[in-house]
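Me: I'd like to go through the labels used for this model and ask what stands behind each one. Could you take me through them?

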Amino acid sequence: SIAQARATFRAAGAPRLSIFRGVDVNELALLAREVHDVTLVLDEMDRACKGKTWTAPEVRHLVHEGRHERVDLFGTFRRTSNVSEDLLAGSDFVFLFRHSEAAPYDLQTIRQRFGEHYEAAVKTLEPGRFVVWADE
C-alpha cells in the first residue's frame, strides 16, 4: 500500500525499484513528489485524465512541475487520441509503437500531432519496435 511504502521509505530510504498494483494513481504521484529523485512509470496513464481534464490532480502537478521536484514521468496510453495535449506540450520525447491500418483513428492522431512521416513510419514497424519523436 502507499501508506506502508511511505513509512518504509521514511525509515530506510527509497528502494531502487518499487512496483505498485491496484493503488490510487493520485496517491502514487504524491508519493513520488515526496521521495524526489525518482522516475515514475504509469501504465495506462489515460486513466489519470479525461480529454483535457485531469482526473488525478497530483499527476497533473507532475506533468507541469515534476522537473522542479526531480520526478521524471513516463506514461503509456491505450490510444493515441487519449494522450492529453497538456502532457504532449511538455514532453521531450514520444515513443511511437507500431500501428496498423486497423486503427485508423490512432493513425490520424499521429499524423495530426507528429506529421505524415511518423504516420508512415509506425505502419511499417515490426512488433516491439518504435520511432522516437523529439521536441527540438
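Reply: Gladly! A residue is called buried under 20% relative accessible area, exposed over 50% and partly exposed in between, with a 1.4 Å probe and protein chains only as cover. This is a predicted model, where local features need pLDDT of at least 70, side-chain atom pairs count only at pLDDT 80 or more, and totals for chains, interfaces and linings use all residues. Residues are numbered from 1 along each chain as its sequence is written, and side-chain values use heavy atoms, leaving out hydrogens and water.

Me: Why is Met 45 called buried?

Reply: Its relative accessible area is 2%, and the limit is under 20%, so Met 45 counts as buried. Met 45 sits in the loop between strand E1 (38–42) and strand E2 (49–50); strands are DSSP runs of E, at least two residues long, and helices are runs of H or I, at least four, all numbered from the N terminus.

Me: What does Met 45 contact, leaving aside neighbours within four places in sequence?

Reply: Contact means heavy atoms within 4.5 Å. The partners of Met 45 include Trp 54, Leu 73, Phe 77 and Leu 87.

Me: Why is Arg 6 called buried?

Reply: Arg 6, in helix H1 (residues 2–12), has a relative accessible area of 16%, so the term buried applies. Not counting residues up to four places away in sequence, Arg 6 touches Glu 27, Leu 30, Leu 31 and Glu 34.

Me: And why is Phe 130 called partly exposed?

Reply: Phe 130 lies in strand E6. Its relative accessible area is 40%, so Phe 130 is partly exposed.
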